[in-house]
Amino acid sequence: GVDRGVVITAALSDGQVLNCPQLTVKEHAQVRKHQRRAARAPKGSGRRRAECVQVARLRDKETDRRRDWVEKTSTMLARSFDTIRFEDLRIKNMTSSARGTIAEPGRRTAQKAGLNRAILAQGWGLLRTRTGHKAPGRVEDIPPAYTSLRCSDCQWIDKNSRKSQAEFVCSHCGFTCNADTNASNNVAAGQGGVPRPGPPGGLCRRDDTARAVERP
Ligand SMILES: [Zn+2]
């Protein structure tokens, strides 16, 4: 099960956490510097063009890194696992990504989230596509509803179980897990909004969706 997110690019249900490389802090600063210089240079000047070339070079570098990561990661997924399940992001509402934690909301998150999403969306789409090429017939798309709010241990769905960006503590059974790993467990189980029987002897089963406290 692969859960894709903004903070962690891909969390796998075996506990692995994979991050798509982006530009470093220093490189981001360089991008801003060249953009600033370009903005100050006269329109149509050679200086302005030279600054724009610098910006484009850095952007290309980032694209190369992302593609390289996607190739390596999709090969690894295809070789390591029989069935690979992704959330079907075509119908996923991604507006709540990258907002920081509840206690510590990020700064300028709207802009950052917009940028991160735009950049990462390309990587995600490509990762799904390339994995499909390398593992034909072994990739499945799972409805994404509730994957982040459902306890992968007892199936209880509650938004209060999601303590922060990183922490999942089930409000029903106390199951504690990295929030992204918990979501990837749900993806691996092939379920988002579709209830499945809980573990044998489990406290809650089958009708969990009906008891969901809040829709995401
Ligand atoms: Zn639970």
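Residues are numbered from 1 along each chain as its sequence is written, and side-chain values use heavy atoms, with hydrogens and water left out.

**Colour by confidence**

pLDDT is the predictor's confidence in each residue, from 0 to 100. The chain averages 80, and 73% of the residues score at least 70. Select residues 91–105: pLDDT stays under 50 there, and the model has 23 contacts beyond four places in sequence for them. Residues 193–216 also stay under 50, with 45 such contacts. Where pLDDT is low, the predicted coordinates should not be read in detail.

**Switch to cartoon**

The chain has 4 helices and 7 strands, in the order β-β-β-α-α-β-α-β-β-β-α from the N terminus. Both are DSSP runs numbered from the N terminus: helices are H or I of at least four residues, strands E of at least two. Among these elements, confidence is lowest in helix 3 (residues 109–134), with a mean of 75, and highest in helix 2, at 95.

**Select the largest nonpolar core**

Such a core is a set of buried Ala, Val, Leu, Ile, Met, Phe, Trp, Tyr and Cys residues joined through side-chain atoms within 4.5 Å. Buried means under 20% relative accessible area, exposed over 50%, and partly exposed in between (1.4 Å probe, protein chains only). By that cut-off, 38% of the 216 residues are buried.

The largest core has 14 residues, of which V2, W69, L77, I84, F86 and L127 touch the most other members. Strand 2 (10–12), helix 2 (46–80) and strand 4 (84–87) each give two or more residues to this core. Helix 2 gives the most, with 4. Now centre on I84: leaving aside neighbours within four places in sequence, I84 is in contact with V2, L77, A78, T131, A135, R138, V139 and E140. Apart from this core lies another, of 6 residues, including C151, C154, C170 and A179.

**Go to the zinc ion**

The protein donors are the SG atoms of C151, C154, C170 and C173, lying 2.3 Å from the zinc ion. Donors are N, O and S atoms within 2.8 Å of the metal (3.2 Å for Na, K and Ca); water is not among the atoms, so sites may look incomplete. The 4 donor atoms subtend angles of 106 to 112 degrees, so the arrangement is tetrahedral; for four donors that label needs all angles between 85 and 135 degrees. Their spacing in sequence is C-x2-C-x15-C-x2-C. C154 sits in the loop between strand 5 (139–142) and strand 6 (167–169), and C170 in the loop between strand 6 and strand 7 (176–178), 16 residues apart. Both C154 and C170 are buried.

**Move to helix 4**

Select residues 179–188: 8 of the 10 residues in helix 4 are buried. What covers them includes strand 1 (2–4), strand 2, strand 4, strand 5, strand 6 and strand 7.

**Last stops**

E62 lies in helix 2 and counts as buried because its relative accessibility is 4%. Its C-alpha atom is separated by 9.6 Å from that of E27, 35 residues apart along the chain. Finally, C20 is buried, with a relative accessible area of 7%, whereas C52 is partly exposed at 39%.

Note on methods. Contact = heavy atoms within 4.5 Å. Tetrahedral: all angles 85-135°; square planar, octahedral: opposite > 155°, others 65-115°.
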